[in-house]
Amino acid sequence: MFRIGEFAQIAQVSGRQLRFYDQLGLLRPARTDPQTGYRYYSMRQLPRLNSILALKELGLSLEQIGPLLQNEISSAELRAMLTMKRAQVEQSLREEETRLRHIESRIAQIDRQGAIADYDVVVKQIDAMPYLSVHHSCENMEEAVRIVRTVAERTASG
């Protein structure tokens, strides 16, 4: 049996982390001294701790890991969780690649111009908005006004 500090050093985690896992019920000490409250861990607990750390490394939350360790989640559910996590990571990578391209563009701008321009263009996403477009060549201003009125009347009534 190892005291919490010794076990933490062997496992290369912090004692605080082990206490937190105990609090969550993920990794209880093999024994707790009733008089001193010292926590003792066994080497047989190391595989469970490694499983926790490996699942965390995959990006799963501790709330998701608990049921996995208790075999409360089927392999199909685990696969679905990992598939969803993969999609999140892929999205994050796309966002970071876009950020990297913007940074590279700024560096190139500085190299070309010696400084950043006095103005910035910021591209923002907005919700789709319907609009009406009419392409028509008008002979005179009266015809143009008539077409605009017709379009306005149709959009107001529709």
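R99 is partly exposed, with a relative accessible area of 44% (partly exposed lies between buried, under 20% relative accessible area, and exposed, over 50%, using a 1.4 Å probe and protein chains only). This is a predicted model, in which local features need pLDDT of at least 70 and side-chain atom pairs count only at pLDDT 80 or more, while totals for chains, interfaces and linings use all residues. Residues are numbered from 1 along each chain as its sequence is written, and side-chain values use heavy atoms, with hydrogens and water left out.

- R99 and E96 join their side chains in a salt bridge at 2.5 Å, N to O (a side-chain nitrogen of Lys or Arg within 4 Å of a carboxyl oxygen of Asp or Glu).
- These two residues are three apart in helix α5, so about one helical turn separates R99 from E96 (helices are DSSP runs of H or I with at least four residues, strands are E runs of at least two, numbered from the N terminus).
- E96 is partly exposed too, at 42% relative accessibility.

**The network around D22**

- Salt bridges link D22, R28 and R39 in a network.
- D22 is buried at 10% relative accessible area, whereas R28 is partly exposed at 49%.
- R39 and D22 have their closest N and O atoms 3.0 Å apart.
- Because R39 sits in strand β3 (residues 39-41) and D22 in helix α2 (residues 15-24), their pair ties together parts 17 residues apart in sequence.

**Q109**

- Q109 belongs to helix α5, residues 75-113, and is buried at 13% relative accessibility.
- Leaving aside residues up to four places away in sequence, Q109 touches G114, A115, I116 and A117 (contact means heavy atoms within 4.5 Å).
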